[in-house]
Amino acid sequence: MSVTVEPTSVEMPENTPAQESEALRPHAEDAFAAELAALAAQDDRPRPARWKMSPWAVATYLLGGTLPDGTVITPKYVGPRRIVEVAVTTLATDRALLLLGVPGTAKTWVSEHLAAAVSGDSTLLVQGTAGTPEEAIRYGWNYAQLLAHGPSRDALVPSPVMRAMAEGMTARIEELTRIPADVQDTLITILSEKTLPIPELGQEVQAVRGFNVIATANDRDRGVNDLSSALRRRFNTVVLPLPESVEAEVDIVSRRVDQMGRSLDLPAVPDGVDEIRRVVTVFRELRDGVTSDGRTKVKSPSGTLSTAEAISVVTNGLALAAHFGDGVLTAGDVAAGILGAVVRDPAADRVIWQEYLEAVVRERDGWKDFYRACREVSA
């Protein structure tokens, strides 16, 4: 017997528009509601079942563009167009999507925006950790109801995945490889049979058209559980690469810092573009193990030095400039953040950082202020 599961509701006060505008980090569908509405209004291409817009419009939303009426769609992802097209096309089929990449390659960001564009809701989310239980993917129980009346529809608490199946929406699973292997495999029947059995009730939930799953994973961090071959076959894997060039990475960091800075009333990014370029250059050289001109090899520290960390360093620097400076980002504002990102292992990484400062930064034209600032915080 199949059954449609109604999500268990909890009475919560509704957010007013003023409260929503005060959210520190609005969901993608709220932050970019105007762009999503403009795209949907002008989108005359075929849409898969229960999609809010066509695959072409979803890709445009992520990559940016200008609509016929002049509406500008800001890029959410700066990278190869084909990667986005393959990801969107995967969601239009019955295969789940796995976004794979090293930390900081915008996997979570892309996942959220894909779900917002496809389903209009990016909140059907399972956060993967070493302690994620099976119930987080399948369903749980209201134990007061269960003890009082036994297994019943009213006692069942649907997971985000179960809700997505019943409503034909997109579920997100973050850090899939952090979830224990036996819990990961709970997805096999869901993804292959598009069915979630509820043996306690003698029922099942069958996914309706429009349902799919976006998962993210990386294999660089500690505590990773490899996916079984059976589960990996259920996903179409799309690898998100690191930015190809300094210019591309500077563009990404500038855009994200500008967005975050506006929400925090911090100075505009153009005032600190030179410092952003320095942060990106340092991260790329230490990450690649060679200077940008290819002449000097350097040792790589234990940290990932991702684009996401560069965004964090610059945002923190802007806050320092705004509250304790003249509002203009300087080398002194980003130096402490860079040190914290690079030196994760106090013994080994500090030596690597000092060698890099003396062999590369010290000799670089126009970087004397940066060298002095980094030396000061490293002392």
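Tutor: Ala-106 is placed in the loop between strand E3 (96-100) and helix H6. Helices (H or I, at least four residues) and strands (E, at least two) are DSSP runs, numbered from the N terminus. This is a predicted model, in which local features need pLDDT of at least 70 and side-chain atom pairs count only at pLDDT 80 or more, while totals for chains, interfaces and linings use all residues. Residues are numbered from 1 along each chain as its sequence is written, and side-chain values use heavy atoms, with hydrogens and water left out.

Student: What is the phi of Ala-106?

Tutor: Ala-106 has a positive phi of about 75°, although it is not a glycine. With 27% relative accessibility, Ala-106 counts as partly exposed (buried means under 20% relative accessible area, exposed over 50%, partly exposed in between, with a 1.4 Å probe and protein chains only).

Student: And what about the phi of Lys-194?

Tutor: Lys-194 is not a glycine either, and its phi is positive at about 55°. Lys-194 sits in the loop between helix H10 (187-193) and strand E8 (195-198).

Student: Back to H6, then. Is Val-110 buried or exposed?

Tutor: Val-110, which lies in helix H6, is buried, with a relative accessible area of 5%. Leaving aside residues up to four places away in sequence, Val-110 touches Leu-62, Tyr-77, Leu-99 and Leu-240, where contact means heavy atoms within 4.5 Å.

Student: Leu-62 belongs to H4. How many residues of H4 are buried?

Tutor: Seven of the nine residues of helix H4 (residues 55-63) are buried, so the helix is mostly covered. Among them are Tyr-61, Leu-62 and Leu-63. The cover over the buried residues of H4 includes helix H3 (33-42), helix H5 (81-91) and helix H6 (107-119). Just after H4, Gly-64 takes a positive phi of about 90°.

Student: Changing topic: which residues touch the most other members of the largest nonpolar core?

Tutor: They are Val-282, Phe-283, Ile-338, Trp-353 and Phe-370, in a core of 36 residues. A nonpolar core is a set of buried Ala, Val, Leu, Ile, Met, Phe, Trp, Tyr and Cys residues joined through side-chain atoms within 4.5 Å. Several helices each supply at least two residues of this core, including H12 (246-263), H13 (273-288) and H15 (331-342). The largest share, seven residues, comes from H15.

Student: What does Ile-338 touch?

Tutor: Not counting residues up to four places away in sequence, Ile-338 touches Val-279, Val-282, Phe-283, Val-313, Trp-353 and Phe-370. There is also a second, separate core of 33 residues, which includes Ala-164, Met-165, Ala-171 and Leu-227.

Student: Now the whole chain. How many helices and strands does it have?

Tutor: The chain has 17 helices and eleven strands. Its radius of gyration is 23 Å, close to the 21 Å that the globule rule gives for 379 residues, so the chain is as compact as a globular protein of that length. The radius is taken over C-alpha atoms, and the rule is 2.2 Å times the number of residues to the power 0.38.

Student: What share of the residues is buried?

Tutor: Buried residues make up 46% of the 379 residues. Among contacts between residues at least 6 apart in sequence, 72% join residues at least 24 apart.
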